[in-house]
Amino acid sequence: IGSNATLIPGSKLKSLIFNNPIRAEDNLDVYEEPKKGHTYVAIVDSSEGVSRDYSVISVIDVTEIPYKHVAKFRDNKLSPMIFPTFVYNIANRYNRAFVLVETNSVGQQVVDILHYDLEYENIFRVESHEIKGQHIASGFKKGASFGVRTSKTVKKIGCANLKTLIETDKLITNDFDTIAEFNTFVRVKDSYEAEEGNNDDIVMTLVLFSWLTAQSYFKEITDSDVRQRLLEERNLQLEEEMLPIGELNDGLEDEKESDGRDLWTTVSNRGYLPSTL
């Protein structure tokens with residue numbers, strides 16, 4: 001299972017357990033139905049629908065940590081013209097989930113249809129900064145656009161965060177296809193991608209989600225900070241591992257004779273004299 005070059009080490013891959021979905025229909029696998037009052041995020045990765053790459057929607061419950069991968073849609077024959085309707089329906093079902101669309105290739109067409117034609121409102125906007133790079137914009141800031149481009153920086157941050165989330169059990173996935181992709185998601189030069197002959201479309205949605213978890217606006221709308229949570233757990237672990245501090249007895253304290261009658265006190269480094277003298 002896995003190799004030395006996989007993003008997730010083999011020892012962790014062996015412990016990942018997949019479950020059968022509670023419901024599967026129209027290429028949608030549901031592991032947990034939407035719950036009232038819960039907050040969900042849907043990460044969208046689009047393909048051209050020509051049987052090579054897959055169009056994927058990963059729905060994640062971000063109400064509390066650990067985050068849960070509760071549903072997955074995957075199809076490699078769906079036209080980019082139709083895909084936004086599936087995004088709309090699934091996001092609406094999961095309490096009008098916040099949607100982050102990857103806009104490389106045909107993704108821009110998907111997010112445009114989703115916003116302008118289907119009038120879906122809960123779509124993350126991204127603005128670019130010369131130094132900070134891409135980051136989630138709060139509100140309707142001038143210059144912000146719908147969706148995120150998977151740049152080298154976004155992918156690098158996302159992969160690093162995903163590795164931490166999976167290894168520390170802060171992101172739970174029980175989906176067979178996702179775990180299978182983890183096993184072939186390997187290092188290639190200075191990045192990660194699927195081994196030849198395999199796919200990484202589901203994993204890439206989780207990479208984008210992991211990048212999202214580090215964004216300030218995400219922390220505001222979910223009231224959760226996974227970095228702070230990890231730091232608190234680390235500090236607690238260090239406290240538990242610390243040995244109790246004992247008392248040091250230098251042997252120079254006042255003592256009594258064994259019969260308890262005479263009190264002895266230190267008068268020099270050479271010996272003791274009874275205080276009654």
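In which sense do strand 11 (residues 185-188) and strand 12 (residues 191-194) pair, and over how many bridges? Select both, and you will find that strand 11 and strand 12 pair in the antiparallel sense over 4 bridges, where strands are DSSP runs of E of at least two residues, helices are runs of H or I of at least four, both numbered from the N terminus, and two strands count as paired if DSSP finds at least two bridges between them.

Before going on, note that this is a predicted model, in which local features need pLDDT of at least 70 and side-chain atom pairs count only at pLDDT 80 or more, while totals for chains, interfaces and linings use all residues. Residues are numbered from 1 along each chain as its sequence is written, and side-chain values use heavy atoms, with hydrogens and water left out.

Stay with the hairpin that strand 11 and strand 12 form, which has 2 residues between the strands, and pick Lys189 in the turn, whose phi is positive at about 60°. Val188 has Ser191 in strand 12 as its bridge partner.

Next, colour the chain by pLDDT, the predictor's confidence in each residue from 0 to 100. The chain averages 85, and 78% of the residues score at least 70; confidence is highest in strand 2 (residues 28-30), at a mean of 98, and lowest in strand 13 (residues 255-256), at 48. Where pLDDT is low, the predicted coordinates should not be read in detail.

Now select Leu100, Leu162, Phe182, Phe209 and Leu212, which touch the most other members of the largest nonpolar core, a set of 34 residues. Such a core consists of buried Ala, Val, Leu, Ile, Met, Phe, Trp, Tyr and Cys residues joined through side-chain atoms within 4.5 Å, buried meaning under 20% relative accessible area, exposed over 50%, and partly exposed in between (1.4 Å probe, protein chains only). Strand 3 (40-45), helix 4 (152-167), helix 5 (176-182) and helix 6 (201-212) each supply at least two residues of this core, and helix 6 gives the most, with 8 residues.

Val126 has Ser145 in strand 9 as its bridge partner.

Finish at Glu121, in the loop between helix 3 (107-117) and strand 7 (125-129), which is exposed with a relative accessible area of 63%.
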